[in-house]
Structure formats: C-alpha cells, structure tokens
Amino acid sequence: MPQFKDMMESITRFKSIGVLITDEEFCIQNINDTAMKLYTREQLEEIIFLYPNSSNNFCNCKIKCEIEVIKQGSSYIFLLQSKKEIFNLYQKIEKIFQDNNDIKHILDSSFDGIAITDANGVLLYENQALEQFIGIRVKEIIGKNVHDIIAQGIVDNSITVKILKGKKPVSMIQNYPNTGKKLLITGVPIKDKNGQIKRIVINTRDLTILNNLEKEIQDLKSKNQRMKLYNEELTLKENARKSLVAKDKKIKEVIDRALRVAQTDSTVLIQGESGSGKEGIVNLIHQSSYRKDNPLVKINCGAIPDQLLESELFGYESGAFSGASQKGKPGLFEIASEGTIFLDEIGEMPLQLQVKLLRVLQEFEITRIGGVKPIKVDVRIITATHRNLEEMVAKGNFREDLYYRLKIIPITVPPLRERKEDVIPLVYHFLNQIRIKYGINTMFSQEALAALQNYSWPGNVRELQNLVERVALMVNKTIIDITDINHEYENRLLQGSKNFSKKEKKVENKEITPLKVQMEECEKEIIHYTLRQFPSIRRAAQALGIDSSTLVRKKQKYLL
C-alpha cells in the first residue's frame, strides 16, 4: 500500500499532463495542479461522466482534450492531454491565410498607389491605384527588376534604387510620361533582425488631386472668410440700427445717410437741437465703418475751459507749462489715431484752437504744446453742434474755412417734436432699459401715452428719457396715468397736451406752499430753460453768473 501511495503522489506531480484520480464510484479524490489550471471543475466532472460510455482512450472536442484512463486497484487515473495549443496554432495558421487575402483587398481598395519589391528590387506586388497612376498594367511589370523598368522608359527615376543604396526611407516627386501625372512617392525599407533589407514598401500619392483639393480648400476658406466678414458687417449694421429707435420717416432717412457716409473717411458735421440724438448717430457711423475695432474718442468742446481744451486735444511736451507732467501727455487726437474722434459742440471751440483743428484736417498732423515736431495722425473727425454755424461765421465767431472743411457731409437730426411717431417706441425702449437695469416693470396708460406723444418736448429725446426714468422709479404703480406724470413733472405735460380730458384740464385753486419750495421750483425752471439755450455747462454757468460746479450740482438735484 505504501508503494501504491507513492506512485499516486508521483503521478499527481506531473507537469506536462493533467491528472485526475477517482475511486470506483468515480468520486474525485485528487487533481494535480496542471489539471486545475487547464480545466474547470465542471469540465472535469463532464470527462468523468463520459468515460463509462467510452473506451480507455477518447477525446472531448468541446474542451479540446485527449483522455486516457488507467484502472489501478480501486482507483481510476485520468490522464488529460490538452489540445488547446494545437487548436490555437491551427487558428493562427487559418487567420494568416485569411489576413493575407484581406490585406490584398485592403491594398487594392486604397486611393494611394502601393508597390512592394524584394531585396533585389524585383516588383512583387502593385495595387490597382498605382496601375492607374503610371498607366501600365500590373501583369506587364510584376516580376521585373526596377532597372529593367527604368530602361523601358516607364519611369525617369527609381526610388527603390535609392533605398537599396542608402538603406533608409526616401521621399521624392516623380513624373510619369504615360499619364502626365506628378506623383509624391515615399519608400520605406523593411529589415530583418540582422538589419538586412527584406522588402521595400512604396506609397504613391497623386499631387494633382492634392493640389486641386488644396486649391478648393483655399477657395472655400476665402469664400467663408468673405461671407463671415459680410455677415459681421450686416450684423453690425443691424445691431447699430436696432440701437436707434427709428419709426418716423425723417429719422430713418438720417440713419440711411449715416450708414452711407460710414463707408468713407469724409468729415461729418451733425447738426440738431440738444438732446435730439446726435451722439447716437456718431456711434452708428463709427460702428459701421472699417475703423470700428479702433477707438471712438468723444470730447465736449463746451465742457472744458479754453486753456485746458488745447492740451486735451493736442497734448503737451514735458515742462510745457506750470503743473505739466514731466513725461508729457498725448492728446486725444493721438489716442484716437486709426479710430474716430467726435468733437461735440464744435461751435464752442475758441478761435485760436480752430486754426490748429484746420491744420489737422488739411495735413493730418498735430503738434503738442511746447513741441516742435509734427506728429502724423490717422483719424476720422466727426463734429456736432446745436448752434447755427453759418450765423457764427457771418458774425466772425467761427472760421469760414474751417466751417466748410467740417461740413463735407452734413447730417441734420430732426427734433423729437418733428417725429412724433418715435415718441411711443422711445417710451417702450426706455421702459425696457429700466426693467433690465432696476427690475421695475411699469406701463403707461393709453391716455398717458397720447399726452406724451402730443407734448412738444423742448428737451427732445433726453427730456423724454429723463421723464420716463423719473416717473417709473418714483411712481409705485404698475400702470402710470396722466396724474402720476403731472405730479412728477409739474403739470407741464398737462399744459402742453391737447388730448387731456376735461376733468384733467380743470384749473384748481392751489394751496400756498412755503417760499423755499416756490423758490426752488422757480430756480429749477430757470436752470432748465438756460440749459436748453446753452447746452455747454460752462456757457450756461457763465450766463447764470455761477460756477460750473454749482450748476452741475443743481442740475443733479433737480434731475435735469
């Protein structure tokens, strides 16, 4: 028995085959490591199950195993020889044959020409695309050496010869007389483990097709770029139009005129009453011009003292005057170079500065205060005024030569009272701005809108905007009526409207208010009237005999 036991242990230590030992009832007693690695428990039980109906030697194809059974005493020894490696080898061999056939189909379907030669330069394979490129049938050159192909004049040079000589990849451009094609050829040597060339794989691409494709791509890119610029221009013009509320025919004509002149660099003079929307036309011209990506610099000639206006416009050199920066300072004309400069209230410019502005218009150069070297500037000049420049020229208050240089393209913005159709759209436009800015949703009653449309609006669009904002913010109601407007606007609309109801037109006895309140109301009316006559804060302050800072403070106090 000890000898039997030793024998059994020796058998289970086999590494080349799997060993399975059972008793007479086919109950598994032992399994060696090889069998456990190769098969699952279920597979081993299936082998035991098949044995009684088989001979001592049988196969199980399902698990790719050859089995031999030895009866030893009261035990059965199953010797399991795996056939998986042989089966896998058969699969690999079959796959190689299949792959070779697939590779041929793949190479033949390639748009690039592909050829393969051996280490001596003999052509072994050529796909259909290469046949079309060189104009020679495959069967006429397969098996020939590249030297013979050159001798026949099929090609003027051989990349294979260069690769065999240099033993490294080569690229070249080659001409084929038969087809007149210009081809880009790349050859790569395939080497064995000793570094010797076994095969050469050659790839050929038709440069004619590539050049045509590249040209088509460039044409498409150019076309797309042109379309992009065109769409951007249309979008910009459309956005610029939308930024101006224009329903009335008169203002639409002004906008069309502004868009036409935007495509040129001509000097533009915009005339119109204060608050009529001249600055909006300036923005439209700049944003619709080729200078739109460069600065738009704005300055009010009437809001800056005469002695400072020159340094703001033309700049100054170091030490030009007391208090000047040691580094000097560029003027607005330099800052606006390649862009647009807007000179608002040009009628307020002093005569001595008008001479320097005339030089800019004629020579397109400026000289800083304290400087001697002229500085070239590339700038478009747009000016605006509410004053009658022709009368100023006649009185000697404005240079005639400058006037005609500025008035190359005149644009006159009509006052709001002459374009009544714009009033209600403007109201809705301002209400929408208030909703976005403050989150306040208010509306005007139909009667209130009629009153607003029939009012004369001496302050033009600016006055309408101020009224809408004041009433919308101060009246805590969803629907604003005439009473609310008159409460905030001192009955001016009530007096100026023709469509108010009789009830609203009825004159009521007013209670006596404190003197201070009455004086403030009177002061407010005087300031409002003066500002309409003198849009320049400086000039208005001079007419009232007060400082500019005082006038600004009172203007803010009364929301003018």
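Visitor: Which residues of H25 meet Glu-520, Glu-523, Ile-527 and Leu-531 in H23?
Guide: This is a predicted model, where local features need pLDDT of at least 70 and side-chain atom pairs count only at pLDDT 80 or more, while totals for chains, interfaces and linings use all residues. Residues are numbered from 1 along each chain as its sequence is written, and side-chain values use heavy atoms, with hydrogens and water left out. Contact here means heavy atoms within 4.5 Å, and helices (H or I, at least four residues) and strands (E, at least two) are DSSP runs numbered from the N terminus. On the H25 side, the residues that meet those four in H23 are Leu-551, Lys-554, Lys-555 and Lys-557.

Visitor: How many residues in the contact of H23 with H25 are charged?
Guide: Ala, Val, Leu, Ile, Met, Phe, Trp, Tyr, Cys and Pro count as nonpolar, Asp, Glu, Lys and Arg as charged, and the others, Gly among them, as polar. Three residues in the contact of H23 with H25 are nonpolar and none is polar. The charged ones number five.

Visitor: At what angle do H23 and H25 pack?
Guide: Axes are lines fitted to C-alpha atoms, for helices over the stretch in contact, and angles run from 0 to 180 degrees between N-to-C directions. H23 covers residues 515–533 and H25 covers residues 548–557, and their axes are 11 Å apart. H23 and H25 are therefore roughly perpendicular to each other (65 to 115 degrees; under 35 is roughly parallel, over 145 roughly antiparallel, and the rest oblique). The packing angle is about 115 degrees.

Visitor: And H24 with H25: how far apart are their axes?
Guide: Helix H24 (residues 537–544) packs on H25 at an angle of about 100 degrees, so H24 and H25 are roughly perpendicular to each other as well. On the H24 side the contact is made by Ile-537, Arg-538, Ala-540, Ala-541 and Leu-544, and on the H25 side by Ser-548, Leu-551, Val-552 and Lys-555. By class that contact has six nonpolar, one polar and two charged residues. The distance between the axes of H24 and H25 is 9 Å.

Visitor: Which residues of helix H8 are buried?
Guide: Buried means under 20% relative accessible area, exposed means over 50%, and partly exposed is in between (1.4 Å probe, protein chains only). Helix H8 runs over residues 159–166, and Lys-167, which follows H8, has a positive phi near 55 degrees. The buried residues of H8 are Ile-159, Thr-160 and Ile-163.

Visitor: Within what arc do the buried residues of H8 fall?
Guide: The arc is that of the directions from the helix axis to the C-beta atoms. Seen down the axis of H8, the buried residues line one face of the helix, because they fall within an arc of 100 degrees.

Visitor: Is Trp-457 buried or exposed?
Guide: Trp-457 sits in the loop between helix H18 (446–454) and helix H19 (460–474). Its phi is near 50 degrees, a positive value in a residue other than glycine. With 0% relative accessibility, Trp-457 counts as buried.

Visitor: What is the relative accessible area of Phe-364?
Guide: Phe-364 is in the loop between helix H14 (351–363) and strand E16 (365–366). Phe-364 has a positive phi of about 55 degrees, though it is not a glycine. Phe-364 is partly exposed, and its relative accessible area is 37%.

Visitor: Which residues does Leu-426 touch, not counting residues up to four places away in sequence?
Guide: Leu-426 belongs to helix H17 and is buried, with a relative accessible area of 6%. Leu-426 and Val-468 are 42 residues apart in sequence and 9.6 Å apart in space, C-alpha to C-alpha. The residues touched by Leu-426 are Val-245, Leu-416, Val-461 and Leu-464.

Visitor: Back to the whole protein chain: what percentage of its residues count as buried?
Guide: The protein chain has 25 helices and 21 strands. Residues 24 or more positions apart account for 57% of its contacts with a separation of 6 or more. Of the 560 residues, the share that counts as buried is 39%.
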